[in-house]
Amino acid sequence: MSPRKRPKRNASAMKMLGAQLAALRRAAGYTQRSLGERVAADEETIASIEQGRRSLKADLAEVLDELLDGKGTQAAGVENLPEIDLFPLWAEEFLDHEREALALSSYENQVLPGLLQTEAYARAVFRSRVPVYDESEIEARTAGRIERQEILHHKVPPTVSYVVWEPVLRLPVGGRQVHAEQLRHLRVCSELPGISLQFLPLNRTTHAGLNGPFVLLETPDHQHLAYYETQRGSQWVSDPSEVSIVARKYAMLRTQALTPEDSQGLLDRLLGEQ
């Protein structure tokens with residue numbers, strides 16, 4: 001597997017529009033509070049728009065352009081804002097943290113980890129979505145997922161640990177050929193430096209991951225975060241006591257899973273059955 005070159009991802013369109021508003025506001029000498037007072041909005045609304053967490057409405061954009069001498073840039077930005085970003089805002093924040101992480105630990109019980117997916121497997125996952133994506137969006141999202149895998153090939157890669165429930169490994173997403181290719185890819189990934197890949201066996205009568213998948217992450221400044229992704233969004237947890245609970249769950253899962261060596265053996269047996 002050769003390293004991939006990847007340009008730094010731009011901020012989302014909403015974040016970019018918000019940053020432009022912040023620059024105009026500061027140049028005009030307003031604080032978020034004083035600007036909000038001028039346009040009949042509270043300080044939190046202005047802050048949320050500038051941070052890309054709240055969409056800027058067309059009528060407010062026109063008022064801001066006039067007040068801040070924006071020469072129509074805010075109104076034009078709103079008019080041309082893409083309906084759907086390649087990644088939703090909550091996922092963009094995760095990708096930013098993932099890109100810089102010192103360590104990643106994850107329990108998966110639905111699909112294989114995105115950083116370990118083949119292109120064909122990722123495409124099959126996106127093609128399974130309801131409501132369906134069109135083909136151009138499937139290709140764009142697949143490319144974005146594969147590009148993320150560059151972090152595994154950094155000169156000093158992060159320390160990465162995965163525990164994956166065995167049924168996920170056996171599910172033939174995309175069909176037999178895609179499944180076989182994915183198993184071979186996992187076997188190669190299991191040999192990469194800094195990666196620990198363990199499978200939680202199907203015959204366990206109980207385990208610490210019954211509440212669903214999660215990610216633990218350590219940032220460059222040694223902050224520890226937990227991340228949960230749901231059907232329609234996500235949740236970041238930074239409170240040390242809450243992160244500690246998730247970390248203890250993961251520690252227990254690692255003791256309940258097969259060892260990395262036995263997990264490689266399971267992959268070898270499945271490959272022998274192909």
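**Helix packing**

Two packed helices are described by the angle between their axes and the distance between the axes. The table gives these values for the two pairs treated here.

| Helix pair | Residue ranges | Axes come within | Crossing angle |
|---|---|---|---|
| α7 and α8 | 119-127 and 135-148 | 9 Å | roughly 135° |
| α10 and α12 | 176-189 and 260-272 | 10 Å | roughly 150° |

For the pair α10 and α12, the crossing angle of roughly 150° makes α10 roughly antiparallel to α12, because angles over 145 degrees are counted in that class. The crossing of α10 past α12 is left-handed. On the α10 side the contact is formed by A180, L183, R184, L186 and R187, and on the α12 side by Q264, L267, D268, L270 and L271. By class, the residues of this contact comprise six nonpolar, one polar and three charged.

For the pair α7 and α8, the angle between the axes is roughly 135°, and the two helices are therefore oblique to each other. The hand of the crossing of α7 past α8 is right-handed. From α7, the residues E119, A122, R123, V125, F126 and R127 meet E135, I138, E139, R141, T142, R145 and I146 of α8. Sorted by class, the residues of the contact between α7 and α8 are five nonpolar, one polar and seven charged.

**Backbone features in loops**

The loop between α7 and α8 contains P131. The peptide bond leading from V130 to P131 is cis, and its omega is near -5°.

Rolling a probe the size of a water molecule over the atoms shows where empty space is left. In this structure there is one cavity of 30 Å³ or more. The largest cavity holds about 60 Å³ of space. Its lining consists of M14, L17, G18, I49, G52, R54, S55, L56, V78 and L81. Which helix gives the largest share of the lining of the largest cavity? That share, three residues, comes from helix α1 (residues 13-27). The lining residues of the largest cavity fall into six nonpolar, three polar and one charged.

**Summary**

In the predicted model, α10 and α12 are roughly antiparallel with a left-handed crossing, whereas α7 and α8 are oblique with a right-handed crossing. The largest cavity, with about 60 Å³ of space, draws the largest share of its lining from α1.

Key. Residues numbered from 1 in each chain as written. Predicted model: local features only at pLDDT ≥ 70, side-chain atom pairs only at ≥ 80, totals over all residues. Heavy atoms only, no water. Axes fitted to C-alpha atoms, helices over the stretch in contact; angles between N-to-C directions. Helix = DSSP H or I, 4+ residues; strand = E, 2+ residues; numbered from the N terminus. Parallel < 35°, antiparallel > 145°, perpendicular 65-115°, else oblique. Left-handed = near helix turned anticlockwise from the far one by under 90°. Contact = heavy atoms within 4.5 Å. Nonpolar A, V, L, I, M, F, W, Y, C, P; charged D, E, K, R; others polar. 1 Å grid on protein atoms, 1.4 Å probe; cavity = no way out; pocket = protein on both sides within 12 Å on 5 of 7 lines; lining within 4 Å. Points joined across faces, edges and corners; volume = space filled by probe spheres on them.
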